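Subject: Structure handover

Hello,

Here is the structure I promised to pass on. Please have it open while you read the notes below.

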Amino acid sequence: MNLPTVIANLTILAIGPATLEAPITPVLEFERTAYKVSLAMADYEGYNKPGTMAQRYNNPGALLYKGQPGCKRGSAGYAKCKTPEDGWMALHRLIARRLADGLTVRQIVALHAPASHGNETKKYQNFVEERIK
């Protein structure tokens, strides 16, 4: 199962099948933003490069382990996911939750990769914002 399929399944689970009585445009726009941010973060974290921690751990967002379904604690506290789908679901759920809480993309990236942990937060923020335009 690839990320678009995972996102489509999440959308159907969250809102049910589309009907004429229930317009889903705002939900789809929300999901599209979460999807685009997920892809951008995965690219920044090196998920598409062989041998990176993000790829080895099936963890496209290089998320720290916080009890994500299908994942366990790996080295340095990162989530080591059983399948790529588990990793994509964990990343998407995190981003969707933070967007639903009203956070901006810059705030989401700053929480995910704070400068206080040695990250180049502004570079990361700029990368993600450029990719989701």
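First, a term: helices are DSSP runs of H or I with at least four residues, numbered from the N terminus. Axes are lines fitted to C-alpha atoms, for helices over the stretch in contact, and angles run from 0 to 180 degrees between N-to-C directions.

This is a predicted model: local features need pLDDT of at least 70, side-chain atom pairs count only at pLDDT 80 or more, and totals for chains, interfaces and linings use all residues. Residues are numbered from 1 along each chain as its sequence is written, and side-chain values use heavy atoms, without hydrogens and water.

Helix 4 and helix 5

The axes of helix 4 and helix 5 cross at roughly 130 degrees and come within 10 Å. Helix 4 is therefore oblique to helix 5 (under 35 degrees is roughly parallel, over 145 roughly antiparallel, 65 to 115 roughly perpendicular, the rest oblique). Ile-95, Arg-98 and Leu-99 of helix 4 touch Ile-108, Leu-111 and His-112 of helix 5 (contact means heavy atoms within 4.5 Å).

Helix 5 and helix 6

Helix 5 spans residues 105–112 and helix 6 spans residues 121–131. They pack at about 140 degrees, with axes 9 Å apart. From helix 5, the contact uses Val-105, Arg-106, Val-109, Ala-110 and His-112. Helix 6 answers with Thr-121, Tyr-124, Gln-125, Asn-126, Val-128 and Glu-129.

The largest pocket

On a 1 Å grid over the protein atoms alone, a pocket is an open set of points where a 1.4 Å probe fits, with protein on both sides within 12 Å along at least five of seven lines; lining residues have an atom within 4 Å of a point. The largest pocket has 23 lining residues. Ala-62, Leu-63, Leu-64, Leu-111 and His-112 lie nearest its centre. Helix 4 (84–100) and helix 5 are the elements that give two or more residues to this lining. Helix 4 gives the most, with five residues.

Best wishes
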